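Trainee: I have a new model to learn from today. Could we go through it together, one question at a time?

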Amino acid sequence: MTQVMAETELPRGEAKAQHHPIRLYLVVWGWLFVLSTCSYLVDYFGLTGYLRWSLILLFMILKAGLIVAIFMHMAWERLALIYAILVPPTLILVFVGIMIFESNYTLLTRLVFFATGS
Amino acid sequence: MADMTPTHIGAEIARPAGLRGIVADWSSDQRAFKNVSWGKAMMWIFLLSDTFIFSCFLLSYMTVRMSTVVPWPNPSEVFALTIGAEKIPLILIAIMTFVLISSSGTMAMAVNFGYRRDRRKTAALMLATAALGATFVGMQAFEWTKLIGEGVRPWGNPWGAPQFGSSFFMITGFHGTHVTIGVIFLILMARKVLRGDFDHARRGFFTSRKGRYEIVEITGLYWHFVDLVWVFIFALFYLW
């Protein structure tokens with residue numbers, strides 16, 4: 001009986017928790033279009049160097065943030081879930097650091113031992 | 001502590017704010033994720049594991065690209081299309097990005113109408129999402145065909161570093177597989193919504209459990225994640 005109660009209680013609780021106006025989704029959708037256009041224009045105008053890379057990363061992070069926070073409703077979840085899901089991926093940055101170190105070393109050995117370029 | 005031990009999931013639970021709230025949730029000797037059903041929590045944990053898989057692909061791509069002594073093919077030219085007389089850089093990828101973002105938009109609205117128990121609009125929006133996803137996969141198939149025709153292979157290509165092909169096929173192939181699975185999942189769930197399974201508590205064919213409109217949100221989580229991964233692939237593989 002308690003099982004049945006739990007099953008019927010949930011949708012109402014959820015409906016209250018994740019009920020947002022359609023307008024919000026349309027606004028976010030519009031922003032995602034604008035940001036995608038911006039990142040495409042970075043390539044279209046042929047920007048190079050640090051300006052290109054920082055703009056690409058900026059637009060990427062803004063888009064990812066909008067999708068996770070609004071479309072995936074992360075902004076309205078409890079902190080216990082937000083931290084459990086969003087903190088572990090930051091460790092990937094450590095992995096990135098390790099692999100940058102590693103690939104620089106590989107490049108160095110290639111340049112030293114295959115000096116003519118493969 | 002009495003107010004921290006809910007009798008059922010939908011209850012409003014008082015909790016301290018900030019880090020103390022996290023500690024209270026995790027140390028409550030019960031479920032750590034209050035107000036979130038097991039289905040949603042499990043989807044989030046699956047997505048977390050998928051994040052690591054795609055991260056490993058993108059990291060290995062970064063490693064081969066940084067360590068090669070041969071120049072990397074310029075994606076802006078490789079993925080250019082000639083439309084009319086003009087050669088437009090990266091145009092197909094840009095269109096694919098807009099298609100996928102639009103599918104995320106329709107999915108978000110489908111979730112919303114699901115919780116309003118409007119099953120016609122929910123199913124229609126889910127099918128629209130599936131159609132946009134199928135369009136995306138179709139464009140990807142076109143892109144693969146074009147590149148294979150130009151001689152790109154996992155072990156080499158006409159323009160530069162041979163690792164370009166293996167990174168490209170691995171990353172976009174894995175992402176395309178995810179989109180395809182999402183499309184199938186969406187069509188199955190749209191059928192259930194349209195039939196009114198979640199209004200009449202019809203038991204599932206495989207699990208014999210009653211479904212809830214929450215499954216639309218869980219399907220949506222998966223779909224938005226696929227879009228999210230594309231954001232990173234677009235930035236790091238195509239634009240970099």
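Mentor: Gladly! Let us start with a definition: buried means under 20% relative accessible area, exposed over 50%, and partly exposed in between (1.4 Å probe, protein chains only). This is a predicted model, in which local features need pLDDT of at least 70, side-chain atom pairs count only at pLDDT 80 or more, and totals for chains, interfaces and linings use all residues. Residues are numbered from 1 along each chain as its sequence is written, chains are lettered from A and ligands numbered from 1 in the order in which they are written, and side-chain values use heavy atoms, leaving out hydrogens and water.

Trainee: Is B:Asn35 buried, partly exposed or exposed?

Mentor: B:Asn35 sits in the loop between helix H1 (18–26) and helix H2 (38–67) of chain B; helices here (H or I, at least four residues) and strands (E, at least two) are DSSP runs numbered from the N terminus. It is not a glycine, yet its phi is positive, about 65°. Because its relative accessible area is 31%, B:Asn35 is partly exposed.

Trainee: And B:Leu90, is that residue buried or exposed?

Mentor: B:Leu90 is in the loop between strand S2 (86–88) and helix H4 (91–115) of chain B. Its phi is also positive, near 60°, in a residue other than glycine. Its relative accessibility is 0%, so B:Leu90 is buried.

Trainee: Which residues of chain A is B:Thr63 in contact with?

Mentor: B:Thr63 lies in helix H2 of chain B, and it counts as buried because its relative accessibility is 11%. A polar atom of its side chain lies 2.8 Å from the backbone oxygen of B:Leu59. Contact means heavy atoms within 4.5 Å. Leaving aside neighbours within four places in sequence, B:Thr63 touches A:Met99 and A:Ser103.

Trainee: How much area is buried between chain A and chain B?

Mentor: The contact involves 58 residues of chain A and 72 residues of chain B. Buried area is the accessible area (1.4 Å probe) that two parts lose on being put together, summed over both. Carbon and sulfur atoms give 73% of it, and the total is about 6000 Å².

Trainee: How far apart are the closest N and O atoms of the salt bridge between A:Arg78 and B:Asp25?

Mentor: A salt bridge is a side-chain nitrogen of Lys or Arg within 4 Å of a carboxyl oxygen of Asp or Glu. The count between chain A and chain B is 2 salt bridges. For A:Arg78 and B:Asp25, the closest N and O atoms are separated by 2.8 Å.

Trainee: Which element gives the largest share of the side of chain A that touches chain B?

Mentor: Helices H1 (2–17), H2 (22–44), H3 (49–71) and H4 (79–113) of chain A each give two or more residues to that side. The largest share, 19 residues, comes from H4(A).

Trainee: Which element of chain A has the lowest mean pLDDT?

Mentor: pLDDT is the predictor's confidence in each residue, from 0 to 100. The mean for chain A is 84, with 82% of its residues at 70 or more. Among its elements, H3(A) has the highest mean, 94, while the lowest, 43, belongs to H1(A).

Trainee: How many contacts does the stretch of residues 1–16 of chain A have in the model, beyond near neighbours in sequence?

Mentor: Over residues 1–16 of chain A the pLDDT is below 50. Beyond near neighbours in sequence, the number of contacts for this stretch is 19.

Definitions and conventions. A polar contact is a pair of N or O atoms within 3.5 Å; within protein, one must be able to donate a hydrogen and the other to accept it, and residues adjacent in sequence count only if both atoms are side-chain atoms.
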